[in-house]
Amino acid sequence: MPLNGDPLVRLDHISKHFGTGTTRVDALRDVSLTVYPRQVVALLGPSGSGKTTLLNVIGCILAASSGSMALDGERVIEDGRWLRSDLRRLRLDKIGFIFQFHNLIPFLDATDNVALVLRLAGKDAETARARAAELLDYLEVGNRRSAMPAKLSGGEAQRVAIARALANRPRIILADEPTAALDSKRAGIVMDLLRKVAIDQEAAIIAVTHDEKIFDRFDHIFALRDGRLEADGASPA
Amino acid sequence: MNLAYRDICHNLGRFLLTCLGLALLLGVVMAMIGIYRGIVVDALTISRAPAVDLWVVEANSRGPFAEASRIPGDVREAVARIAGVTAAGGITYQTVEADHQSRKLRLYVIGYEPTRPGGPPEIVEGRAVVRSHFEMVADQASGLVLGDRIELGRNTFAVVGLTRHQVNSGGDPAVYITLGDAQKLQFDLGPPAARVQIARGTAGAGRDTVNAVIARLQPNASVDAVAETVRRWKHFSAITQAEQEDILSRSLVDRARRQIGLFTTILLFVSAVIIALIIYTMTMEKLKQIATLKLIGAPDRTIVLMIVQQALALGLIGFVLGTAMILAIKDHFPRRVVLEADNVAGLGLIVLAVCIASSGLGVRAALRVDPATAIGG
Ligand SMILES: Nc1ncnc2c1ncn2[C@@H]1O[C@H](COP(=O)(O)OP(=O)(O)O)[C@@H](O)[C@H]1O
Ligand SMILES: [Mg+2]
């Protein structure tokens, strides 16, 4: 895979610790990593190794203790300090989130779950619904566009959630165990979709996973152990 | 896309049930306020009915309602002659129990002179008492209807007219009869007692006795000056209408009023706590969704609006439903329930304030939610 373009995600010596003194936990230690457009990468590691913490830092949900980070060319963290105050707006514009459990808003139907993030980004209702419908078709759940989340199967719900993550055309997509709740066939379908998105939208996809059956779907696997990145840029076997 | 509205629609049954529960609670609060107001209004009704300015009663008494008062009937002429008095009438009040259609009726009998102050303020059906003998105007609350005949003492009275809302402070419906009939009822003794009196040589004493003489003044006359004149006669007390109303609302119904007032306050407080709990719980149930909303980039404004709008919808629907309910049943209460617009509006404002205050609790919890909790472990 050619690494064309500037990096979308760039972390330099990011550390993150919780608590102080005897209760101090070093969740991330001196993590540096770079992800380019069209790359689909995995974060791997035992429980407690810092995967979610890393995702939260990249997703601008958690402040780093030290280090620097740039997203899509914009410097966001410098020496452990935020350079932007409107982090929610930053997330809305640049980052799409996919969760282990779909986390769809239960009182909105599939279309409106997707349209919501478009409305939040300032699109008018008409445009938002049209784009939502288009996205649901793209993810092959167009036939379920009026269904409430409770009525969707696990795979359908996850695809609606992906549609929502893609709505504002973010170039960074973060996924925490996106396939853990799916069987291997549907997990494969979801991974294929993410790959398609990475190529179509020139996006970077970073997914935390334990799921061995999908390891072959990633371009790179970053392995974490005790908050340290073990295999920077290693390719899957 | 209104999130508050969409959430409500999604759980419509549950939301409406919650509204209904709140409506019942607010209905009870409103009923208590209505009963409270009703007691105060009822207490003043009888004293306001004759529309007079001055009450002349027995010396050192705060009669005729709060304390017993008996004065000679001929005081009326003396009062009527005071400068500034346009009309004066002797009046009696007494509570009697009568049998009617095999049930006991408690009646508040008012004896008055048909040509003088003291009669019913308005007659909603039938006519006023015209003959001095055994005609009666009764309040609708007694259940009596035109043409009914009812035995009081040793005489039978015919109901010729009906009034509305005329009850005494205990809730007993008023009936109006002529002063003469009333005096016979109140002061005539049964034959055995009368024989004892005759034997003592005191027969006939107190035949022309009234409980009070009421006086209406010229618009520009000074009520205090007239009262002062009466007081100089030594044997009588003079009470102005304002003082009379004060006596009635302070001493006569004071305990009942305070009792219900306190209970209403407690109910209001309980309602406030329950509203706060409902709204807080509604928000707590949505914390995960709120975390998700924050994570995908929703501003605080969107989240606060959702919580506040739901709280207001709950309060408003509960309040309107509760008001409608109490308006529908208020006339079926055994005693008067007075719902004044300003009381209802006041309660509405309190409910609104409680809703906003308690959504503050929910908002606080919602704003504290870490968006990271949406991602999960
Ligand atoms: N908010 C927090 N406060 C304190 N410690 C935390 C917090 N979040 C994570 N940790 C700790 O940081 C370490 C890494 O956690 P996490 O990133 O959730 O690991 P993983 O997702 O790989 O299981 C763990 O030891 C965890 O206990
Ligand atoms: Mg984790």
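The following paragraphs describe chain A as a whole and then selected helices and residues of chains A and B in a predicted model. Local features were considered at pLDDT of at least 70 and side-chain atom pairs at pLDDT 80 or more, while totals for chains, interfaces and linings use all residues, and side-chain values use heavy atoms, with hydrogens and water left out. Residues are numbered from 1 along each chain as its sequence is written, with chains lettered from A and ligands numbered from 1 in the order in which they are written.

Chain A contains 6 helices and 11 strands, where helices (H or I, at least four residues) and strands (E, at least two) are DSSP runs numbered from the N terminus. Its radius of gyration is 18 Å, close to the 18 Å given by the globule rule for 237 residues, so chain A is as compact as a globular protein of that length. The radius is taken over C-alpha atoms, and the rule is 2.2 Å times the number of residues to the power 0.38. The C-alpha trace of chain A spans about 50 × 40 × 40 Å along its principal axes.

Of the 237 residues of chain A, 55% count as buried; buried means under 20% relative accessible area, exposed over 50%, and partly exposed in between (1.4 Å probe, protein chains only). Contacts (heavy atoms within 4.5 Å) were also examined by sequence separation. Among those in chain A between residues at least 6 apart in sequence, 68% join residues at least 24 apart.

In chain A, A:His17 is located in strand E1 (residues 9-18) and is partly exposed, at 25% relative accessibility. Neighbours within four places in sequence aside, A:His17 is in contact with A:Arg24, A:Val25, A:Asp26, A:Ala27 and A:Ser65. A:His17 lies 29 Å from A:Phe218, C-alpha to C-alpha, the two being 201 residues apart in sequence. A:Glu202 occupies the loop between helix H6 (184-200) and strand E9 (204-208) of chain A. This residue, which is not a glycine, has a positive phi near 55°. A:Glu202 is partly exposed, with 35% relative accessibility.

In chain B, helix H6 (residues 223-232) has B:Val226, B:Ala227 and B:Val230 buried. Viewed down the axis of H6(B), the buried residues fall within an arc of 100°, so they line one face of the helix; the arc is that of the directions from the helix axis to the C-beta atoms. In general, an α-helix has 3.6 residues a turn, so residues three or four places apart point the same way. B:Asp224 and B:Arg232 are exposed on the other side of H6(B). After H6(B) comes B:Lys234, with a positive phi near 75°.

Helix H9 (residues 287-295) of chain B is mostly covered, with 7 of its 9 residues buried. These are B:Gln289, B:Ile290, B:Ala291, B:Thr292, B:Leu293, B:Lys294 and B:Leu295. Just after H9(B), B:Gly297 has a positive phi of about 110°.

A positive phi is also found at B:Gln101, a residue other than glycine, with a value near 45°. B:Gln101 is placed in the loop between E3 and strand E4 (103-112) of chain B. With a relative accessible area of 59%, B:Gln101 is exposed.
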